[in-house]
Amino acid sequence: MSVVKINVLTVPAEQREVLEKRFASRAHAVDGSDGFEWFELLRPVEGTDQYLVYTRWRDEEAFQAWMEGPMKSAHQGGQEGAERPKPAASGSTLWSFEVVQQSGPRGA
C-alpha cells in the first residue's frame with residue numbers, strides 16, 4: 001500500500017521565488033530513490049502562504065530510508081565552515097496518509 005507524505009511549508013511572499021528556485025535546482029534528485037513514486041510542489045493560489053510538497057512512496061520504510069539517507073545528506077550538505085542559506089520557509093508540518101483508493105484516466 002503506497003503512502004503519501006505532504007510537507008506543509010509556510011513561506012512568506014518575499015521568499016516564494018527563493019523556495020521555487022531551490023526546488024528547481026534539485027529537480028529529479030529524489031527520482032532514483034528506492035520506493036519513490038511521485039513528487040509535486042504545489043504553489044498556493046489564494047488565501048494561504050502554505051506550499052505543499054507532495055511525495056508518494058511504495059511504503060513507509062522506503063520513505064524513512066530516503067529521510068535518513070539522501071534527504072538528510074542534502075539538507076546537511078555544503079562545505080564545512082560554509083554558511084548555509086537561510087531557510088525560505090518559516091515553518092513546516094508533515095502530514096502522512098495511506099492510499100486506500102485511487103483512480104486515473106482510462107488507458108494510462
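Select F63 to begin: in this predicted model, F63 is buried, with a relative accessible area of 4%.

Keep both rings on screen. W57 and F63 form an aromatic pair, with 5.8 Å from centre to centre and 65° between the planes. Planes over 60 degrees apart count as edge-to-face, so the pair of W57 and F63 is edge-to-face.

Now widen the selection to include F36 and W66. Together with W57 and F63, they form one aromatic cluster. The structure holds 5 aromatic pairs.

For another of these pairs, select F23 and F39. The ring centres are 6.1 Å apart and the planes meet at 20°, so F23 and F39 are stacked. Colour by secondary structure to see where they sit: F23 belongs to helix 1 (residues 16–25) and F39 to strand 2 (residues 36–42), so their pairing ties together parts that are 16 residues apart in sequence. F23 counts as partly exposed at 22% relative accessibility, and F39 counts as partly exposed at 34%.

Last, go to S2, in the segment before strand 1 (3–10). Is S2 buried or exposed? At 11% relative accessibility, S2 counts as buried, because buried means under 20%. Show its side chain with that of E37: a polar contact of 2.8 Å joins the two. Leaving aside residues up to four places away in sequence, S2 touches E37, R56, W57, R58, F97, E98 and V99. One of these, W57, also belongs to the aromatic cluster with F36, F63 and W66.

Technical notes
Residues are numbered from 1 along each chain as its sequence is written. This is a predicted model: local features need pLDDT of at least 70, side-chain atom pairs count only at pLDDT 80 or more; totals for chains, interfaces and linings use all residues. Side-chain values use heavy atoms; hydrogens and water are left out. Rings of Phe, Tyr and Trp (its six-membered ring) pair if their centres lie within 6.5 Å; planes under 30 degrees apart count as stacked, over 60 as edge-to-face and the rest as tilted. Helices (H or I, at least four residues) and strands (E, at least two) are DSSP runs, numbered from the N terminus. Buried means under 20% relative accessible area, exposed over 50%, partly exposed in between (1.4 Å probe, protein chains only). A polar contact is a pair of N or O atoms within 3.5 Å; within protein, one must be able to donate a hydrogen and the other to accept it, and residues adjacent in sequence count only if both atoms are side-chain atoms. Contact means heavy atoms within 4.5 Å.
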